[in-house]
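Thanks, everyone. I have one chain to walk through today. Please look at the screen.

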Amino acid sequence: MSIYQTNVINALNAEQTVEKAVVPIYHISDKKFKLEQIASGVIINIKDEYFILSASHVFDQIGNYAICIGVEHGKEVIQLPGERFSSPKGASGTHNDDVIDASAYHITGDVPESIKKLSITMDVFDTEKSENNINIVYLASGFRVKKSNTKGNAIYSKKEAFPSCEITDKNYEILNLDSNMYVILNFEEQMLVEGKWQLSPTPKGFSGGAIIKVIPAETETGVVYKQKLTGIIIEHRKKNKRKNIDGVLIGTRINVHLAAIEKFLPELFAE
């Protein structure tokens with residue numbers, strides 16, 4: 001426990017080179033007719049093109065409208081025209097039963113400098129699946145609906161990051177999910193924060209947020225902890241007593257999103 005707590009502190013103190021790219025996604029509420037935060041997304045840059053990665057079910061709400069994101073606290077929402085590359089819809093005709101649930105929103109209009117500054121590139125992507133190691137700390141980063149608000153068109157949202165570790169290979173089998181396609185983190189009823197156990201928050205709004213692996217790297221000045229984008233959050237499952245498994249956060253691995261982009265824009269991956 002002491003080793004894990006030290007690793008968590010190091011992970012939370014790591015430079016937010018990936019976490020900076022996580023943004024809140026907004027849409028007009030049908031009931032209140034105002035912008036409300038519905039999910040999260042991650043801004044990436046491949047060559048001269050910019051994308052917002054998120055979960056496909058998020059776009060069932062957005063439909064054919066341009067995506068609206070928040071970039072700076074207290075500043076107006078930015079609306080971005082674009083096209084979406086998504087995993088196939090499920091039998092319901094929506095993405096609610098889409099087991100892959102991966103989307104990349106390609107920004108087709110002018111990209112504001114504020115977006116470019118937040119974007120991350122492929123050199124910080126965790127594209128090679130490594131051996132499952134419970135000592136490696138991951139961060140689940142996103143925006144909770146409970147912590148978000150708007151005033152007019154201005155956004156007031158709080159980004160959060162919750163530390164955890166990957167579930168065991170056995171639990172991947174119990175959940176019947178392929179660890180080559182998904183990355184799954186423990187999200188138990190209680191969480192260790194600053195040495196104390198506390199009730200875990202409900203991560204509503206984290207869909208589309210980032211699952212970040214924090215790895216130690218040897219440098220001339222000592223060990224530096226670096227962030228890598230491993231996956232995009234698609235689902236929170238609560239504790240399942242029947243299957244004897246605690247709560248989890250499920251993410252689609254970044255490779256799945258890259259495959260969707262490559263299918264429609266293969267020139268971006270040409271040498």
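First, the ground rules. This is a predicted model, where local features need pLDDT of at least 70 and side-chain atom pairs count only at pLDDT 80 or more, while totals for chains, interfaces and linings use all residues. Numbering runs from 1 along each chain as its sequence is written, and side-chain values use heavy atoms, with hydrogens and water left out.

Now the overall picture. The chain has five helices and 17 strands. Those are DSSP runs, numbered from the N terminus: helices are H or I with at least four residues, strands are E with at least two. The C-alpha trace spans about 50 × 45 × 40 Å along its principal axes. The radius of gyration is 18 Å, and a compact globule of 271 residues would have one near 18 Å, so the two agree. That radius is taken over C-alpha atoms, and the globule rule is 2.2 Å times the number of residues to the power 0.38.

Next, contacts, meaning heavy atoms within 4.5 Å. Take those between residues at least 6 apart in sequence: 65% join residues at least 24 apart.

What about the surface? The chain exposes about 14,200 Å², and carbon and sulfur atoms supply 48% of that. Areas come from the Shrake-Rupley method with a 1.4 Å probe; for residues, only the protein chains shown count as cover. Of the 271 residues, 49% count as buried. Buried means under 20% relative accessible area, exposed means over 50%, and partly exposed is in between.

On to the cores. A nonpolar core here is a set of buried Ala, Val, Leu, Ile, Met, Phe, Trp, Tyr and Cys residues joined through side-chain atoms within 4.5 Å. Which residues have the most contacts inside the largest core? They are Ile-67, Ile-69 and Ile-184, in a core of 41 residues. Strand 12, residues 182-186, gives the most to this core, with four residues. Apart from this core lies another, of 30 residues, among them Ala-11, Val-42, Ile-44 and Val-214.

Stay with Ile-67 for a moment. Leaving aside neighbours within four places in sequence, Ile-67 touches Ile-25, Ile-52, Phe-59, Ile-62, Ile-78, Gln-79, Leu-80 and Tyr-105.

Now helix 5, residues 254-264. Its buried residues are Ile-254, Val-256, His-257, Leu-258, Ala-260 and Ile-261. What do they pack against? Strands 2, 3, 6, 7, 16 and 17.

Two backbone points. Lys-47 has phi near 55°, positive in a residue other than glycine. Lys-47 sits in the loop between strand 2 (35-46) and strand 3 (49-55). At 48% relative accessibility, Lys-47 is partly exposed. Asn-176 has phi near 60°, again a positive value in a residue other than glycine. Asn-176 is in the loop between helix 4 (169-175) and strand 12. Is Asn-176 buried or exposed? Exposed, at 67%.

Last, two distances, C-alpha to C-alpha. Asn-10, in helix 1 (residues 2-13), is 18 residues from Ile-28 in sequence and 39 Å from Ile-28 in space. Lys-117, in helix 3 (residues 113-118), is 96 residues from Ala-21 in sequence and 8.6 Å from Ala-21 in space. Asn-10 is partly exposed at 23%, and Lys-117 is exposed at 63%.

How values were computed: Buried means under 20% relative accessible area, exposed over 50%, partly exposed in between (1.4 Å probe, protein chains only).
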